[in-house]
Amino acid sequence: MDESPRQLIARQREAEPRYRGLESGHRACQGCGEALAARLVTEVAGGDVVVANATGCLEVFTTPWPQSAWRMPWMHSLFENAAAIASDIEAALRHQQRPTKVLAFGGDGGTFDIGFQALSGMLEREHDVLYVCYDNEAYMNTGIQRSSSTPHAAMTTTSPPGRERMGKRHLKKDLLSIIGAHHIPYAASASVAYPRDLQRKVRRALEISGPTFLLVHSPCPLGWGHGGERTIEVGRLAVQTGLFPLVEIERGAVTAVMPLRVPRPVSEYLALQGRFRHLFADEPRAREELEHLQALADHNIAVYGLLGGAPDALDADGADTVRRGGAVA
Amino acid sequence: MKQLTRGAWGEPGSSLACHTGSWRDLRPGHEHAAAPCHAACPAGEDPQYWLAAVQEGDHRRAWERLVAANPLPAITGRVCPHPCEQRCNRGHYDTAIGIHGIERFLGDAALAAGWDYPGIVGPPAGAPRVAVVGAGPAGISVAYHLLRHGLVPVVFEAAPEAGGLLRSAIPMTRLPRAVLDAELERVLACGIGLHTRQALGRDFSLDELRAEHAALFLAPGCARSRPWDVQGVIPAGTRDGLDLLKSWIDVGEVPAARRVVVHGGGNTAMDIARVMKRHGAEEVHLVTASGLPGPQTAPDDVLNIVPRELEEGLEEGIVIHPHATLSRVLLRGARIVGVELVALRKLERADGRRARVAFEGTERILQADLVIPCIGEQVDPAGLGALVQRSGFLRVDARGGVAGACDLYAGGDACGNIGTVAAAVGDGRRAANAIAARLAGAEPSERPRTEIGIERLNLNYFEPRPARRAAVLPVAERDDLCEIEGSLDAAAVADEAGRCFACGNCLACDNCWVLCPDAAVLKIADTASDGSRYVFDYDYCKGCGLCASECPSGFIAMRPEPE
Ligand SMILES: Cc1cc2nc3c(=O)[nH]c(=O)nc-3n(C[C@H](O)[C@H](O)[C@H](O)COP(=O)(O)OP(=O)(O)OC[C@H]3O[C@@H](n4cnc5c(N)ncnc54)[C@H](O)[C@@H]3O)c2cc1C
Ligand SMILES: Cc1ncc(C[n+]2csc(CCOP(=O)(O)OP(=O)(O)O)c2C)c(N)n1
Ligand code: SF4
Ligand code: SF4
C-alpha cells in the first residue's frame, strides 16, 4: 500500500539518527530557548533516566493532561521540591541497585529561589543526581516576575522601569559559585547558543557519580522581548559580551572557561531585547545603567579570565563553527 | 456510564497528538538561491555545487557537476579571469575562494584518470544533425552540449586542428599545449564529428550547410584585426599583436626591439608585451585608453586583462600607461623613433553617449623602435556576407539566435561579447539548449535563481581561514614554455574548498536540526527532493524562524503560510 505523506514523515521521525527525549507537539512558545535546552539535554542523557521536574513553563508546556512530550519516566514535583523528589528517586534506585540516572529540572525561580534549600540539601547529601536549571531569568510561567536570577536593570512585571528605578534594582545572584561552594564534583554553566558545548557538559556530568549541576542560559522570547528567531543570537551575545560566562567548576575551583576572542559591547546584547529597552532612553540614568551592565560584564571577564589567549577552536567565536557534515568542535 | 471528573482519568497520550503547526503564520522552506559565483560565471557553472562535492571528498562527482556546464575545466581553470572569485561572498569576509585552482585540479584529475563525460548517450538513429562552424571554445562547447541533448554535431574548422585562439594565441606559459590537447581530445572523443581544413566561404557556403543540417551554429571568432593607424600614419612593417603572437607560438621568434610600445588594453596586448620583454626588450610600454582596476575606475572602463596576468606583467616590468592614447608617431625617415601620448577619458557627451576625449596639453614623448597595435579584432566576413554587422560582429539574441533565421545561431568572440573562453563556452551551452528546444518544439527552460548576498548568511558559524594558493614561478625563472602558475595538491584543494560558505544551498551542517526547539526538522537517511537531508515536519513547526536565522548559508527562507 502506498505511504501517505504523513505516514512517510512519521516513519522518518522514528528513523532519526538520534534519541529524542522531548517530543514535538509541546506547547512552548515559538523559539523557546527552554524547550530547546531541554531537548538538547535529554537527547544526550538518553532513555535510561528518571526526571523530576519542578513546576514552571517546562513542566506546563510539556504535559497538558493527559499528554506528555517526554519519552522517559518523568515526574512532576512541586515548585519547591524537585531536588528533594530527585534525591528520593535516586535513593530508591540505589536501593534497588539499578544504574538508571536521575535528573532534576527546574526553572530559575524554582532553583535560585524557592527550590534552593532542597537543592542545597541534595548536594550536601551527595545524591547521584544531575540537576539542570533552565535559566530564563524570571518566573516566566506566571507572567514574567523577577527572580534572583533576573539580571540587574531588566524589566519584569514586578521590576518595571519608572521614576523610582530602571528595572530590577538588585543583581543577578551568583548561583554557580554558591553551588560550587558545596564542594561537589562538577558544576557548569552552558548556553543553548553553544549546543555542542552544552551537550559535552551534560555527558561529563552524567559520567560522574555524585551530585552535579548545570546552569543553562535559555532565552525566553516572550519574557525578554525578542523575536523567536533571535533566541540563538541573543544567547550567543550573552556569552560573547561576558554577561553570561560559560565556566566549569570542580570541587569549588574553576577548572575551565570558554574564552572570548573579541568581547562584544553589552549594548549589542541589550538592544535586541525589550526588557532592556528603557536603557536606551536619552537620559542620564539609562546611560549609567548601561555603563553598570558593561562594568558587570567586564568584571566577569576579569574574574574568570575570559581574555588573553590566542584565538582557539573552542573560544566563543570558534566553538560554534560548522562545516559540511556538522560541527567542527 | 460513570462520569469521571477531568484529571481523574485519562488515556495517556503523546504530545504528537497536538499539531502545533497550526500556530504558524510563517513557513520555513528550503530555497536554493544562486551563489554569487554561479551568477558570475559566464560559462554557467555552479561552483558552489561542485565545491560541495569536493568538500565531501568526491572529486569525480565534483568534476561531473562541473562539466555539466563547462567541458573544459583544465583549460578554463588556467586561463579564465574567474569573475566568480571577484563576486565570491567570502571575499567580503576574508579572502575569496580560489575557485580556479580547484577547477584546474579537477580538470587535471579527469585527464589523469580518464573519467567519462557524464550525460552523453549516443544520439538515437536519425537524430537531427547540427553544423558548427569553428572549433574554438564556443564551437567545442556547443557540440558537446548538442551531444548531451542527443543531437549530432558536425564541426567544420578552417585550421588543421581544433582549439581556436586557445591554440593559436594564448601563450604556453599560461596554457601548456599538452593540457589543451588532452582535454580537447577527450571532449571530441565523446562523439563530435570534426572536419578540419574546412573553411566556410572557401570550401562550402552557408546555404550548402543549411540545406544539410537542421540548424547551424557559427563560431568563427574574430580573425581580422581592426585597421589601425595614428593620424593616418602606419610605420613601415607594422604587424599587429595577434599576428606576432601567432608566429611566436608557431616558430618561437619575435622581431628584435629595444623599446616597444604596445597599443591596446586586452589580453593580446599584455601577452605580446610580456613575450617582447622576455625576448630582450629593455622597455615595454602598454598604452591603453582604459583604466587600471580600482575604486576610481568605472567597471566598464577597466582594461580587459585577466587580473593575475596584469599582476604578473607588472611584476615582469611592463609599464602601463592607462587612460592614454597615441597621438603621433615620430619617424626618422621610415624608421620609428618614438610616439607621442596624450591623456584621455571616456566622458558623457551632450547626447548622453560616452566618448573618448583627449586633453590638449598632456602630450608627452616616449622613445620607441617598435609599435605593436592590439586594438582588437572583428569577424572575417568570408562566407558570412550580410550577417556581419557594421560593428564587425554577428548579432544574436540572448539564446544565441540570429535575427530573422530560425535555424541560425552564433556565439563566442564573433558576437562581440566580453571575449573570454568561459563566455564562449556559455554561449555554446545556451545555444545548444535553444537549438534542442526548438528542434523538440519546446521552449528553452532555464529559470535563473535569485542571487544571494552575504547579508543572508550567518557568519557566526564560520571562522577566518587562510586561503590556499598555488605557487607562482619567480620572474627570473619564467621562459617561453614553463607554466607560470602551479597546481594545488589534494590537501590544499580540500582545505580551500572547505572554506566555501555554500551560499544559498544546504551546507549539511545540522544547525536547523540541532537548533529547532520543536524537533520539527528531521534528518533523513536519503536525500530529499531539494538535495538536502533535512525535511520540515509542518505538523509541528511553529514557524519561529530560528532555523532560518541560524542557517549559515541562507538555504532556509520564511514565507507566509499558504491560506
Ligand atoms: C592573446 C590572447 C589571449 C587571450 N587570453 C585569454 C585568457 O587568458 N582568458 C580568456 O578567457 N580568454 C582569453 N582570450 C580570449 C579567448 O581566447 C577567446 O575569447 C575565445 O577563444 C573565443 O572563442 P571562440 O570559439 O569564439 O573563437 P576562437 O577561439 O577564435 O575560435 C574560432 C575558430 O573558428 C575557426 N574559423 C574561423 N573562421 C572560419 C571559417 N570561415 N570556417 C571554418 N572555421 C573558421 C578558427 O580557425 C578558430 O579555430 C585571449 C585571446 C587572445 C587573442
Ligand atoms: C509554592 C508555589 N508558589 C507559586 C507557584 C506558582 N508558580 C507556578 S510556576 C511559577 C514560576 C516558575 O518560574 P521558574 O521556576 O523561573 O520557571 P519558568 O516558568 O520561568 O521556566 C510559579 C510562581 C507554585 N506552583 N507553587
Ligand atoms: S526552528 Fe523549528 S519550529 Fe522554528 S521555524 Fe524552524 S522548523 Fe519551525
Ligand atoms: S542549517 Fe545547515 S543543515 Fe540546515 S538547511 Fe541550513 S545548511 Fe542545511
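**Salt bridges and surroundings**

Tutor: R78(B) counts as buried, at 5% relative accessibility. Please keep in mind that this is a predicted model.

Student: Which residue forms a salt bridge with R78(B)?

Tutor: The partner is D108(B), and the closest N and O atoms are 2.9 Å apart. D108(B) belongs to helix α6 (residues 99-113) of chain B and R78(B) to helix α4 (residues 73-79) of chain B, so the pair ties together parts that are 30 residues apart in sequence.

Student: What about D300(B), and which residue does it form a salt bridge with?

Tutor: D300(B) pairs with R354(B), with the closest N and O atoms 3.9 Å apart. This pair links distant parts of the chain, 54 residues apart: D300(B) is in the loop between β9 (283-287) and α13 (307-315) of chain B, and R354(B) is in strand β13 (residues 354-358) of chain B.

Student: Is D300(B) buried or exposed?

Tutor: D300(B) counts as exposed because its relative accessibility is 52%, where the cut-off for exposed is over 50%. R354(B), at 41%, counts as partly exposed.

Student: Which residues are joined into one network by salt bridges that share partners?

Tutor: The network consists of R174(B), D271(B), R274(B), R308(B), E309(B), E312(B), E315(B), E316(B), R478(B) and E485(B).

Student: Changing topic, which residues come nearest to ligand 4?

Tutor: Of the 13 residues around ligand 4, the nearest are C506(B), L507(B), C509(B), C512(B) and C551(B). By class, the shell of ligand 4 has ten nonpolar, two polar and one charged residues.

Student: And which residues are closest to ligand 3?

Tutor: Ligand 3 is surrounded by 14 residues, the closest being C516(B), C541(B), C544(B), G545(B) and C547(B). The shell around ligand 3 has ten nonpolar, two polar and two charged residues.

Student: Last topic: which residues make a nonpolar surface patch?

Tutor: L347(B), V357(B) and F359(B) make a nonpolar surface patch of about 200 Å². L347(B) is in strand β12 (residues 335-348) of chain B and is partly exposed, with a relative accessible area of 37%.

Conventions. Residues numbered from 1 in each chain as written. Chains lettered and ligands numbered in written order. Predicted model: local features only at pLDDT ≥ 70, side-chain atom pairs only at ≥ 80, totals over all residues. Heavy atoms only, no water. Patch = residues over 30% accessible without salt bridge, like charges linked within 9 Å, V, L, I, M, F, W, Y side chains within 5 Å. Areas by Shrake-Rupley, 256 points an atom, 1.4 Å probe, with all protein chains shown as cover. Salt bridge = Lys/Arg side-chain N within 4 Å of Asp/Glu carboxyl O. Helix = DSSP H or I, 4+ residues; strand = E, 2+ residues; numbered from the N terminus. Buried < 20%, exposed > 50% of the residue type's maximum accessible area, 1.4 Å probe, protein only. Near = heavy atom within 4 Å. Nonpolar A, V, L, I, M, F, W, Y, C, P; charged D, E, K, R; others polar.
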